[in-house]
Amino acid sequence: MKYISTRDNYEPVSAAEAIKLGMVPTGGLFVPEEIPQFSTTEIYQMVDSSYQEIAQKVLSKYLTDYSTAEIKEAISKAYSDNNFDEAEITPLYKLSDQSHILELWHGPTAAFKDLALQIMPYLLSQAVEKLALKQDILILVATSGDTGKAALEGFKDVERIKIVVFYPDEGVSKIQERQMRTTGGENTEVVAVEGNFDDCQNSVKDIFGDQEFKQVVSEAGYQFSSANSINWGRLVPQIVYYFVAYSQLLDQGEIKRGDKINITVPTGNFGNILAAYYAYRMGLPVNKFICASNDNKVLTDFLQTGTYDKKREFKKTISPSMDILISSNLERFLFEVTNHNANKVNSWYQQLAESGSFSVDQETHKRISELFVGRFATEEETKETIGEVYEANDYLIDTHTAVAVNSYQQYVADSADKTVTVIDSTANPYKFAATVLEAIDSLEEVNKLDEFEILDKLAAKSDTEIHTGLNNLDQEQIQHDYHCQVDEIRVLLKELITD
Ligand SMILES: *Cc1c(COP(=O)(O)O)cnc(C)c1O
């Protein structure tokens, strides 16, 4: 299977090459030339398969240049009981007769990004071997919190790869900072940058495009790659858990063979919901996708009107991992939904770059609307939903999951759709403990406590356990101490790769 560019501007490449490159060097994103299929029999048989076995089935269809043994090794290292605290990896929690929460946060860093970032480093490391690269890989990550820790955990001690994470000194929570700075591993570096997230991200982007610096990196024995969700290696592992969820619903008698389900996803970069769409295109029976946003509702507006308009105020919300105005993976979706019309994609993304918006044609909008609905939750609605779910079910959800639950409820209220629905839970509630505690207790209570005390208070109040990845963080050894100004990043990076 080959991978082609959404902008028809690059030769088809193998999966290993697509994963090594991250994105298309001439602009655009890699997608599979055609979408592989599962027969209904294959889908029903998954009921008797483990998460790891289903992962093997899905990954083998896409990574055709990887051997069965290679894929198996990557899966067994990634989805081990060392890394995940539930044997099912992504268990379902029944919220109501029609809705089920898919818990995607049982990995080491308590966010769903672990499901991709635990395995992707092995796929990248195997790609380095397969392509007989002489140089090792240097991964640079600019993070506003979640991605940095998930990438560090995934890449630590993976052969022939070095990872350097940059975070804004004052721009992440104390817990997130502690999570990153306590990461072990011989090949990990963490740098606090004096500036905001945009400063970090822009610096990293500049470095990627800097030919002179590329030479420096090359002389040090490295070449760049990326670990963010535009890399196909991050998307493909996410297709797996939609088949797993369907199998669990069948197994638990919640649905019958052939029944369609709805899938609700709290969305930022459109990666997770795109993985669900690929599962659908492979044969998973889906009725509707509910794309849930926070106050940065650029996708809600797009799905409702057909116009994508990023010219709007960026809002910092209590679901920060969804604070995004350019959803990179939407490009892949538009390419798929137009049956690989690179001309259209090119013209839309040129308009987006030039004027900050584009409108799809009516036919495309109609096709999208038949399958996707967009809803958003305000800050107030998000907190209320956390409180209501806790009251009704004695179950804690984080702010991102609450956006999804609220959006789902809005959709049901105006459609009366009774289809069984899977709602993605993308972070453990302890990861956003302050807001969760505020929602089930009070702001006064939260204001009395520091971030670590809030974890303890939430545990005591809700009688639940702190996620193991977040517990005792305040006692762990700090491993990383680098701190620099924005204009010192290159000098520091050079030191880090040459010593
Ligand atoms: C990254 C993230 C999201 C958004 O996922 P996308 O694939 O970017 O749409 C949602 N929730 C949490 C907790 C995240 O970390």
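Guide: Gladly. Let's begin with a cut-off: a disulfide is a pair of cysteine sulfur atoms within 2.5 Å. Please keep in mind that this is a predicted model.

Visitor: How do you know that Cys484 is too far from the closest cysteine sulfur for a bond?

Guide: The closest cysteine sulfur to that of Cys484 is in Cys200, 8.5 Å away. A disulfide needs the two sulfur atoms within 2.5 Å, so the sulfur of Cys484 is too far away for a bond. Cys200 is in no disulfide, and the structure holds zero disulfides.

Visitor: Why is Cys200 called buried, and why is Cys484 called buried?

Guide: The word buried applies under 20% relative accessible area. Cys200 has 1%, so Cys200 is buried. Cys484 has 3%, so Cys484 is buried too.

Visitor: What share of the residues in the protein chain is buried, and what share of its contacts joins residues at least 24 apart?

Guide: Buried residues account for 58% of the 499. Among contacts between residues at least 6 apart in sequence, 74% join residues at least 24 apart. As for the surface, the chain exposes about 19800 Å², with carbon and sulfur atoms supplying 43% of that area.

Visitor: How many positive and negative side chains does the protein chain have?

Guide: There are 45 positive and 78 negative side chains, and the centres of the two sets lie 6 Å apart.

Visitor: Why is Ser203 called buried?

Guide: Ser203 has a relative accessible area of 9%, and the cut-off for buried is under 20%, so Ser203 is buried. Ser203 is found in helix H9, residues 197–209. Not counting residues up to four places away in sequence, Ser203 touches Val486 and Ile489.

Visitor: And what makes Val265 count as buried?

Guide: Its relative accessibility is 0%, so Val265 counts as buried. Val265 lies in strand S9, residues 261–266. Leaving aside neighbours within four places in sequence, the contacts of Val265 include Tyr242, Ile290, Cys291 and Asp424. Val217, 48 residues away in sequence, is 38 Å from Val265, C-alpha to C-alpha.

Visitor: Why does Ala276 count as buried?

Guide: Ala276 has 0% relative accessibility, so Ala276 counts as buried. This residue is in helix H12, and, leaving aside neighbours within four places in sequence, Ala276 is in contact with Tyr242, Ile263 and Phe289. Tyr242 is also among the contacts of Val265. Ala276 and Tyr241 are 35 residues apart in sequence and 8.6 Å apart in space, C-alpha to C-alpha.

Visitor: Now the opposite word. Why does Glu465 count as exposed?

Guide: Exposed means over 50% relative accessible area. Glu465 has 72% relative accessibility, so Glu465 counts as exposed. Glu465 is found in the loop between helix H21 (451–462) and strand S15 (482–485).

Visitor: How do you know that Gln362 is exposed?

Guide: Its relative accessible area is 74%, and the cut-off is over 50%, so Gln362 is exposed. Gln362 lies in helix H16, residues 362–371. Tyr62 is 300 residues from Gln362 in sequence and 32 Å away in space, C-alpha to C-alpha.

Visitor: What is the phi of Phe270, and is Phe270 buried or exposed?

Guide: Phi of Phe270 is near 70 degrees, a positive value in a residue other than glycine. Phe270 lies in the loop between S9 and helix H12 (271–282). Its relative accessibility is 1%, so Phe270 counts as buried.

Note on methods:
Residues numbered from 1 in each chain as written. Predicted model: local features only at pLDDT ≥ 70, side-chain atom pairs only at ≥ 80, totals over all residues. Heavy atoms only, no water. Buried < 20%, exposed > 50% of the residue type's maximum accessible area, 1.4 Å probe, protein only. Contact = heavy atoms within 4.5 Å. Areas by Shrake-Rupley, 256 points an atom, 1.4 Å probe, with all protein chains shown as cover. Lys, Arg positive; Asp, Glu negative; His and termini not counted. Charge placed at Lys NZ, Arg CZ, Asp CG, Glu CD. Helix = DSSP H or I, 4+ residues; strand = E, 2+ residues; numbered from the N terminus.
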